[in-house]
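User: Here's a fold I'd like to talk through. Can you tell me what backs up each label as we go?

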Amino acid sequence: MHAEIYTDGVDEITIGGSIVRVDLISLSPTERDASNAPKKVFCQRLIFSAESFANSVEVMQNALQGLVDAGVVQRSRPRTPMAAPQASARVEPASPVSDNSRSPNVSTNFR
């Protein structure tokens, strides 16, 4: 069996020379911020060469396009007029499913 990691998202990406570090976070089940939202807690770091990071981004863009094509997520508009074209890659969940038995995803990545 292979180890699996769950993450609520990426907190920070740091580039140093030819090394790219991607910090993954989870939402704390116990710690809350001033607005009572779960705090982001560092959980794991991915370290890539610049080339492998670029290849990974391409794979993720293809996966995202598959999710968009399947109607699972929708691309949202950039938040500000000054935003770079990549900002449109932020995704929003598709329209809610009529089956109310599913709990909503509480990750900030899906709001």
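Analyst: First, pLDDT is the predictor's confidence in each residue, running from 0 to 100. The chain averages 80, and 70% of its residues reach 70 or more. This is a predicted model, so local features need pLDDT of at least 70, side-chain atom pairs count only at pLDDT 80 or more, and totals for chains, interfaces and linings use all residues. Residues are numbered from 1 along each chain as its sequence is written, and side-chain values use heavy atoms, leaving out hydrogens and water.

User: Where does pLDDT stay under 50?

Analyst: Over residues 83-91, with 17 contacts (heavy atoms within 4.5 Å) beyond four places in sequence, and over residues 95-111, with 16 such contacts.

User: What makes residues 50-69 a helix, and what span is expected?

Analyst: A helix is a DSSP run of H or I with at least four residues, numbered from the N terminus, and α1 has 20.

User: Why are β1 and β2 called paired?

Analyst: Strands (DSSP runs of E, at least two residues) pair if DSSP finds at least two bridges between them. β1 and β2 (residues 19-32) have seven, in the antiparallel sense, so they qualify. One of the bridges joins Glu 12 to Asp 23 in β2.

User: What makes β1 and β3 edge strands?

Analyst: The open sheet runs β1-β2-β3, with antiparallel pairing. β1 (9-16) and β3 (38-49) each pair on one side only.

Notes
Expected span 1.5 Å × (residues − 1).
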